[in-house]
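Subject: Structure handover

Hi,

Here is the structure I promised you. Please open it alongside this note. My findings follow below.

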Amino acid sequence: MLDQAGPDDTTSTVEQQILTLAAPHGPAVRRPPRLGAPATTPPGGLTSPVALPSRIPAIPTQASAADTAAGHRTRSASGRLSDLPPLADRDTWARVPVGRRKAVAGPVMAVLVVAIGVVYLVWRAGTLDGTGVAGHLFYTAEVVSYLAIVWTAVMMCRVRPGYVRRPPAPAGTLDVFVTVCGEPVEIVEATLRAALAIDYPHRTYVLNDGRIARRDNWRDIDALAARLGLTCFTRTTGSKGKAANLNHALARTDAEAIMTLDADHIAVPDLAERVLGYLRDPEVGFVCTEQRFDLGRYDVLNNAEPMLYRAVQPAKDRDSAASSCGNGTLYRRTALESAGGFSEWNIVEDLHTSYELHARGWRSVYHPDAVSLGIAPATAAEYAKQRSRWAMDGLRLLLFDNPLRKPGLTGWQRAHYLHTGIGYLVACVQMMFLLGPPMSALAGMEIASGVSLTAYVLLALPYLLSSMLLIAVYAGLRGAQRTIASTLFNAPLYALSFVRVVLSGRPESGATAKAALPRMSILLLPQVLFAAGLAATILVVGLNPDVADLSALVWAGMLLAMVAGPLSALSERRAVVERVQVPIRAVIAVTVLGFAVTALVAG
């Protein structure tokens, strides 16, 4: 099952991943069409299959464009939602076998981290005399990080081991909104063909925002929709942004349920069977799903985010606090209408729309399977732009629409939204750990007095390892390493995002680029400087071990290996980035080990 396989195991081709996503969950789910088969020739439509990018498979049309367009409007769904007996939340949970070790691993590790962290911080408090401002700042960063770990541990204990979401039979009318804003036509076509192939009566709409966003290919998207027999909404006026685009279509359609798909996401044919039935609970306003991307072997940018989709979202689901991640979210029309539509208050619509729906009493569901396969940012520069937008959204909510003051939220919902917003601020503190080796080795600042750096590292090691194992319980060992590496890499991005939010309020929104990705960005300058500082620490200590304790050498090497992975994603060609990962780590490891052995032999 998908929620057991997880994103870390992604080594197959895109077509195999689609087939994995489309694997039937039970007898009610039909087999998907064979991917890569020749497309049928619609009368007056496409006369041959369109050549698509290698990472997006060709999806055969389910019927001719004309027949599909007519069929969307004439086939009856399995009853309207209002005509069926309502279901309760308990009807959407199923018991699954789970070992006792797996069931208690998370809570046990949480208790261990909390206990070991207290012991460590009490000891550390006695090493601050004479360390000055630098030592106290570093200790403050450790305390803040510990409090964040405790908070996260409490949130993760909300996960229900032995229970998994399972949707009832689908019902109601469905509209599929495909939002487009300048993406390449071949990528959009693959997405639209997959949307047409969803095996449930529905209508697919193209929401073309290319004209208002001044993208060159907006006419091509209009022509593509016409060839496929689809209604295309192309805005000429109104505010910019995805939320305004969605609201424009919302006012011109009438289905009970709305599924939002990004222009680069290939939907599985049984999408409706996976999520639509949740709306039979009249209290559910929207359904979130796992995001799945074609990532290759290493996923150096941690686009899979196993911690989010395996732990954070399931924990939020327990308290009806799961928030939309944009793509693949199913909304109840009446819920959106009660909130005035998709929220245009934030930079992107997903987080604040979820927030407003929760504040109005609507419940959310997190379905732990993906319903589509998409394209993630391939370069560090594009990734930095995307994560900066997300951080600004969370920080704007925290600063200007704080959950503590928001009427209508439950206590646990407030806690989860605060955890999201404050998490970005806490992540900024991680920059102190990147500064630790240069501060100690190059600037001669003491982090702990009366104890060697080696003793300090050895005493801190149990706390650091237990923290990593807590993440590994939910995300796996490789997922834990990527989570920590991305947190360190993102720390300066989040700090810059905080400054931008405070100074500019609401920066302009923008879509993640899918072609001609930038290789460099000013947003990467802090990471480059941190990496340079760590490299300088390795060289200075390695060439002159008397400058600092050799532990600074190992410390700097470990941090540099973490940051260098994401920072090396300069090419949008995934194979190129993957090939350099092992050499980068090998060079760092050999250099550190060589300097350490030389110093020990000479000493």
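Which residue lies over the face of Y163? R160 does, at 4.3 Å from the ring centre. Keep in mind that this is a predicted model.

**Overall picture**

The protein has 603 residues, and 57% of them count as buried. It contains 19 helices and 11 strands. The exposed surface comes to about 24700 Å². Carbon and sulfur atoms supply 62% of that area.

**Aromatic pairs**

The count of aromatic pairs is 14. One of them is Y355 with Y417. This pair is edge-to-face, with 4.8 Å centre to centre and 70° between the planes. It links distant parts of the chain, since Y355 is in helix 12 (residues 350-359) and Y417 is in helix 14 (residues 411-429). The two are 62 residues apart. Y355 counts as buried because its relative accessibility is 0%. Y417 is at 3%, so Y417 counts as buried too.

Another pair is Y383 with F489. This one is tilted: 6.1 Å centre to centre, 45° between the planes. Again distant parts of the chain are linked, here across 106 residues. Y383 belongs to helix 13 (residues 380-400), and F489 belongs to helix 16 (residues 453-504). Y383 has a relative accessible area of 1%, so Y383 is buried. F489 is at 0% and therefore counts as buried.

Ring pairs also build a cluster. Its members are Y120, W123, Y146, Y456 and Y463.

**Nonpolar cores**

In soluble globular proteins, nonpolar side chains tend to be buried together. The largest nonpolar core here has 81 residues. Which of its residues touch the most other members? They are M156 and F489. Helix 16 gives this core its largest share, 17 residues. Leaving out residues up to four places away in sequence, M156 touches M307, A311, V312, A315 and Y474. Another core lies apart from the largest one. That core has 35 residues, including I198, Y200, L228 and L276.

E256 first. Its place is the loop between helix 8 (242-250) and strand 6 (257-262). Is E256 buried or exposed? Its relative accessible area is 12%, and the cut-off for buried is under 20%, so E256 is buried. A polar atom of the E256 side chain lies 3.1 Å from the backbone nitrogen of L81. Beyond residues up to four places away in sequence, E256 touches R80, L81, S82, G172, T173, Y331, R332 and R333.

Then T191, in helix 6 (residues 185-196). T191 is buried because its relative accessible area is 0%. Its C-alpha atom is separated by 8.3 Å from that of D262, 71 residues away along the chain. T191 is also in contact with D262.

Last, G479, which lies in helix 16. G479 has a relative accessible area of 0%, so G479 is buried. The C-alpha atoms of G479 and D299 are separated by 9.6 Å. Along the chain these two are 180 residues apart.

**Two backbone angles**

Most residues other than glycine have a negative phi. Where are the positive values listed here? R214 has phi near 60°. R214 lies in the loop between strand 4 (203-208) and helix 7 (218-227). At 73% relative accessibility, against a cut-off of over 50%, R214 counts as exposed.

S320 has a positive phi of about 50°, although S320 is not a glycine. Its place is the loop between helix 10 (306-318) and strand 9 (329-332). S320 counts as buried because its relative accessibility is 10%.

Best wishes

Methods
Residues are numbered from 1 along each chain as its sequence is written. This is a predicted model: local features need pLDDT of at least 70, side-chain atom pairs count only at pLDDT 80 or more; totals for chains, interfaces and linings use all residues. Side-chain values use heavy atoms; hydrogens and water are left out. Rings of Phe, Tyr and Trp (its six-membered ring) pair if their centres lie within 6.5 Å; planes under 30 degrees apart count as stacked, over 60 as edge-to-face and the rest as tilted. Helices (H or I, at least four residues) and strands (E, at least two) are DSSP runs, numbered from the N terminus. Buried means under 20% relative accessible area, exposed over 50%, partly exposed in between (1.4 Å probe, protein chains only). A charge sits over a ring if NZ of Lys or CZ of Arg is within 6 Å of the ring centre and within 35 degrees of the ring normal. A nonpolar core is a set of buried Ala, Val, Leu, Ile, Met, Phe, Trp, Tyr and Cys residues joined through side-chain atoms within 4.5 Å. Contact means heavy atoms within 4.5 Å. Accessible areas come from the Shrake-Rupley method with a 1.4 Å probe; for residues, only the protein chains shown count as cover. A polar contact is a pair of N or O atoms within 3.5 Å; within protein, one must be able to donate a hydrogen and the other to accept it, and residues adjacent in sequence count only if both atoms are side-chain atoms.
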